[in-house]
Structure formats: structure tokens, C-alpha cells
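This briefing concerns aromatic rings and the charged groups that accompany them. Please keep the structure in view while reading.

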Amino acid sequence: MRGFRWPPPPDGGPRTWGPGPGGPRTGRPALPEPETELVATPHGVRLERLVTGTGDPVTVFAHGFGNGIATTRPFGSGVTGRKLFFQFRGHGRSDAPAGPWSYLDLARDLRAIADLGGASRAFGASLGAGALSRLLAESPERFEKLVFFLPAVLDQPRGPVARERLTDLLEAVESGDASAVADVVSLELPTAVRNTPAGWSYLRQRLDQLLRDGLADGLATLPEQAPLRDATALSAVTAPALVIGCAGDDLHPVEVAEQLAAALPQATLHVYDRPGVLWTERADLRERISGFLNE
């Protein structure tokens, strides 16, 4: 990674390394973390939850591996109605029951939050997309609309590059070494954004959350698992679905998005041509998701 250093300079921005004057200096990272609540679920795992917005319809948002409420909130910024954000087991303040865990366990977490909040629509990012796929295989008519953002895995485990990245994240968080965590998390940023004020802001927020809350050991075997045995298990899902993929993303192969869209009878697939869409295509992504869910 070019010129990356931790801790960042006191002013939070680049000095003599990183992009020059023409490099990006703006871009909004994940929103600050508001006060959340712990809610009891029927399967005995307390989950951290945030409810925003008012009225119907209600949409539940499921986050990715090592992420959480703060990084998922931007996806709902243009979505009408009430929005349910939560942390899967082992993330944030949610419980971490004895592991190892499976996608079935994550699907139970997602279902519980959706049922308790009366959600009729669902959004899943990466790991959350896998949990949503597993839930739908069990209950294909559970939701009226679906959005899958950068699905990472469907009926085959993650590839070696993705497994190594996720293992590195777990090990870095376990070590408590801020520099080690920053090295891994910084790979989430497009090269042009690293060592900019926006990039440092994002890193600071992610590190604050990860080093404060940690990640549970029960997550360690998830990169070796797949949510489904066979993608045809989704053939009974009739809800309209939007599947968003991205070319060139090692953690979220575009082939998985294509396979998922083909497995869902009422799916629309959109593929961005380069990674880092939360930074490079933020406005288009926001409009695409909210336009689909709000129509």
C-alpha cells in the first residue's frame, strides 16, 4: 500500500505522501454511531439495534463481515419509511454465544430483527447478503422487496484471497494493535482515497469501533462456509430483487452477483465497473437503492 502510515498526521490529512493537489479531498465515510439498544430475540441472542425513520414500509439492513450499523446506515439514507439496523452476533454490543457459527445462525439473527420490527423489505451487504440468501431459502415469501449489495458467497465458500483478508482482520483485531488493524481496514479504501482526510476519518471510525468492541472467535469459520448447498434453493423467491455487483473486487467476485441474480426469478442485476463504489459512485448507488425500494 503506497505510503500508508499509522497513526495519521495530527491534522488528519496527507503531508508529503499520497495524492497530490488534484487527488480527492472529499467523500463522506460511515455516519457517526448514535445511541443503540440491545433487544432480546426468540433464539436467546441479544442483538444491538438502531431504529430510524417513521411509518411504513419497514426495511431491515444486514451488514458485512467486521462491519456494522455505522457502515450500513448510508445505504438507507434515501429509503423511505422505518429502517432497522443491527449488529450480527459477534459484532458490536451483540451477544457472542459459543461458536462456531453458521449462516443459519446469522439468518436467525436477521429474521429476529425483521420479525420484531415488522420489516417487509430487506437489504443485505456481503455477509448480510449471504444471511439473507439463507433466510430466503427457508422462507422464500418472507419479504416483498430485496436488495443484495456485493454478495460475497452463495453455494461455494469464499476464495483464498478473501479468506486470507478476513482471517487477517480477525487476527489483527484480536491482537489489539491499532497499526495492524489499520493495515487491513485500509484495504477497504480505493487507493486514491487513502491518506486523504476522508480516508483517515473512515479509518479512525472503523478502528474506534473494532478496537472497542472486537470481533468474536465464532466468526472465524464463516469464511470457509457457504450459505446454501445449491443456489436453486432460491427458485421459489418471487419478490423483486436488486443485485449489485462490482468488477475487480477480490472479496466480492462479480460472478457471485451474477449467479445470485440468475437464481432469483425476479432479479435485476447492476454491475459497477470498478471497486470502491461507496466512494466513487456514492450518489448513483444511493439513488439506485432508494429508487428501487421506494417505487
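Ring pairs join Phe 61, Phe 75, Phe 85, Phe 123 and Phe 149 into a cluster. The model is a predicted one, and it holds 7 aromatic pairs.

**A stacked pair within the cluster**

- The ring centres of Phe 61 and Phe 85 are 4.7 Å apart and their planes meet at 25°, so this pair is stacked; planes under 30 degrees apart are counted in that way.
- The pair links distant parts of the chain, since Phe 61 belongs to strand β3 (residues 58-62) and Phe 85 to strand β4 (residues 82-86), 24 residues apart.
- Phe 61 is buried, with a relative accessible area of 0%.
- Phe 85 is also buried, and its relative accessible area is 2%.

**An edge-to-face pair between helices**

- Tyr 202 and Trp 279 form an edge-to-face aromatic pair, with 5.6 Å from centre to centre and 80° between the planes.
- Tyr 202 is part of helix α6 (residues 197-213) and Trp 279 is part of helix α8 (residues 277-280), so the pair ties together parts that lie 77 residues apart in sequence.
- Both Tyr 202 and Trp 279 are buried.

**Charged ends over rings**

- Arg 89 places its charged end over the ring of Trp 101, at 5.8 Å from the ring centre.
- The ring of Phe 143 has the charged end of Arg 142 over it, 4.6 Å from the centre of that ring.

Terms used. Residues are numbered from 1 along each chain as its sequence is written. This is a predicted model: local features need pLDDT of at least 70, side-chain atom pairs count only at pLDDT 80 or more; totals for chains, interfaces and linings use all residues. Side-chain values use heavy atoms; hydrogens and water are left out. Rings of Phe, Tyr and Trp (its six-membered ring) pair if their centres lie within 6.5 Å; planes under 30 degrees apart count as stacked, over 60 as edge-to-face and the rest as tilted. Helices (H or I, at least four residues) and strands (E, at least two) are DSSP runs, numbered from the N terminus. Buried means under 20% relative accessible area, exposed over 50%, partly exposed in between (1.4 Å probe, protein chains only). A charge sits over a ring if NZ of Lys or CZ of Arg is within 6 Å of the ring centre and within 35 degrees of the ring normal.
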